[in-house]
Each structure stands twice: as structure tokens, then as C-alpha cells.
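Visitor: Hi, I have a new structure open on my screen and would like a walk through it. Could you help me find my way around?

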Amino acid sequence: PMGRTKDEGISNVRAFLESLDKAPLPTSDPDRPLTESLAITAMIGAMYNTQWWPQLSDAYADAVRRGDGSALLEIADLMNSRNPDGTYADNSTDAINAINNLDYSPEGNIEQWTAQVETLKSELPILGKYVGYPSAGLEAWPTKHARRSRITAQGAAPIVVIGTTHDPATPYSMAQGLSGQLASGVLVSVEGWNHTAYRRGASQCVTRAVEDYFVKGTVPADGLMCE
């Protein structure tokens, strides 16, 4: 439903999202139309797991072809842990903000952030306009940030780091960087598109590597690549 080519897909999705900014779609809840923000939440959230891609495709088709935003709204609510009565099942959204604000310190200033956003818009035609201001959020929080430094864990037993090559949320380069700076780092890689590698439905290769490490103390080969 997004198009037959990459360029067509990008153009169609961009146009769809921009249309929601002007006129949110009706849903099964007359008080909660599908806004641009909710659609983005549904799309980003569903892309964390390849098993959700068919549902995302169907939900997008409902919205574009039938003008019904109900399915995308349902996915967005799931991602936001929103209950049908408007309460929330957990505080994960608040928690991640608090955690990020302890882990990272802001970089740059508002002029640099604005310039970066313009660059991102050209590089990322779908999501570019929604990203680029993480430091603005960090700047606003009244917290003291942890000092950034290399983590070597000198003298530690082998530490296994697992990375997914196309993880949509945690870049593979982070796993490569962490395992490389750890004195005893061992990198296990998984070729795939899911967020996190050792998970429900994971390949036997990574499952065996992790469980043998914890249960038997067997350290996987550094550089192991699992399909």
C-alpha cells in the first residue's frame, strides 16, 4: 500500500503524514482521531519487530485506502502502554526520559540543533522532521549527568556483547564500539532487522551462544555472526 518502489513509498508515506497534520483521520473512537504524531508512533513502534510488519502494512492500508485510522491508533496505544480507559499500564515513557537524562548530557546549542534538523530533513525524508532535538530535552531537565568515559572493565571475565546488524533503535555500531573498548569484550552479531537479538523467536545460533555462556560458562567465539 505504500507504493511499488522505494521513491514512491517515501513520497506516499510523507504525503500521508503531512495530510494528517492538516486533517487527522477518524477512528472508531470519535473523540480520538489519528493525528500525525500518533501515526508516527505506530510506524516507529511496529518497526521494532519484523513480526509486526504485516499488521503495520494492513493498518496503513486501512488509513490510506479507507480513511480509517483505527488500526494505526490501536498500534500507537499499544506502544504507549495506553489502556482503553485512558490510563497507562506503566511509566515506561517517563522512565526512558529520566534514564536518558542521567546517561547523557546535552551537546550544542539551539542554533546548531536547528541546523542539524534541516540536514536531517534532507537525509531522512520521512522521519527527519521528527528528530534532531534530543539535546533540547536534555537541556531542560534539572539533572546532573553522568560523566562520559570509555568503559574497559579491565580484569573482568569475558563480557559478551550482542548486536543486530539492522536494529531500528540501537545502531549496530554501538555494539561494535562497546565490545571493542571492553578489555574482555566478545562480540556476537545477528544479521536481522529486529530490535534486540536474544529475544522470543531468536535464531538458535544466538540462543545457544547466550544460554551456553550463562549456563555452562562457554564463551562464544569473538566475531560470531548469526543469520
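This is a predicted model: local features need pLDDT of at least 70, side-chain atom pairs count only at pLDDT 80 or more; totals for chains, interfaces and linings use all residues.

Visitor: Which residue does Lys 129 form a salt bridge with?

Guide: Its partner is Glu 36, and the closest N and O atoms are 3.4 Å apart. The two come from distant parts of the chain: Glu 36 sits in helix 2, while Lys 129 is in the loop between helix 6 and helix 7, 93 residues apart.

Visitor: And Glu 36, buried or exposed?

Guide: Glu 36 counts as buried, because its relative accessibility is 9% and the cut-off for buried is under 20%.

Visitor: How many salt bridges does the structure hold?

Guide: There are 8 salt bridges. One of them pairs Glu 118 with Lys 121, with 3.4 Å between the closest N and O atoms. Both residues belong to helix 6 and are 3 residues apart, about one turn of the helix. Glu 118 is partly exposed at 45% relative accessibility, and Lys 121 is partly exposed with a relative accessible area of 38%.

Visitor: Let's move to helix 3. Which salt bridge is there between Asp 62 and Arg 66, I mean how many Å apart are the closest atoms?

Guide: The closest N and O atoms of Asp 62 and Arg 66 are 3.2 Å apart. The two residues are 4 apart in helix 3, so about one helical turn separates them. Asp 62 is partly exposed, with a relative accessible area of 24%, whereas Arg 66 counts as exposed at 57% relative accessibility.

Visitor: What span should helix 3 have, and how far apart are its end C-alpha atoms?

Guide: Helix 3 covers residues 53–66, and at 1.5 Å a residue its 14 residues should span 20 Å. Its end C-alpha atoms are 19 Å apart, which agrees.

Visitor: Which residues of helix 3 are buried?

Guide: They are Leu 56, Ala 59, Tyr 60, Ala 61 and Ala 63. Their cover includes helix 1 (6–22), helix 2 (36–46) and helix 4 (70–79).

Visitor: How many residues does the largest nonpolar core have?

Guide: That core has 20 residues, and Phe 16, Leu 17, Leu 20, Leu 34, Met 43 and Leu 72 have the most contacts inside it. The elements giving two or more residues to this core are helix 1, helix 2, helix 3 and helix 4. Helix 2 gives the most, with 6 residues.

Visitor: What does Leu 72 touch?

Guide: Leaving aside residues up to four places away in sequence, Leu 72 touches Phe 16, Leu 34, Ala 42, Leu 56, Ala 59, Tyr 60 and Ala 63.

Visitor: New topic: where is Ser 81 found?

Guide: Ser 81 is in the loop between helix 4 and helix 5 (92–103). With a relative accessible area of 14%, Ser 81 is buried. Not counting residues up to four places away in sequence, Ser 81 touches Thr 87, Tyr 88, Ala 89, Asp 90 and Ser 92.

Visitor: Last one: how many helices and strands does the chain have?

Guide: The chain has 9 helices and 3 strands. Counted from the N terminus, the elements run α-α-α-α-α-α-α-β-α-β-α-β. The chain has 227 residues, of which 29% count as buried.

Technical notes: Residues are numbered from 1 along each chain as its sequence is written. Side-chain values use heavy atoms; hydrogens and water are left out. The expected span of a helix is 1.5 Å times one less than its number of residues. Buried means under 20% relative accessible area, exposed over 50%, partly exposed in between (1.4 Å probe, protein chains only). Contact means heavy atoms within 4.5 Å. A nonpolar core is a set of buried Ala, Val, Leu, Ile, Met, Phe, Trp, Tyr and Cys residues joined through side-chain atoms within 4.5 Å. A salt bridge is a side-chain nitrogen of Lys or Arg within 4 Å of a carboxyl oxygen of Asp or Glu.
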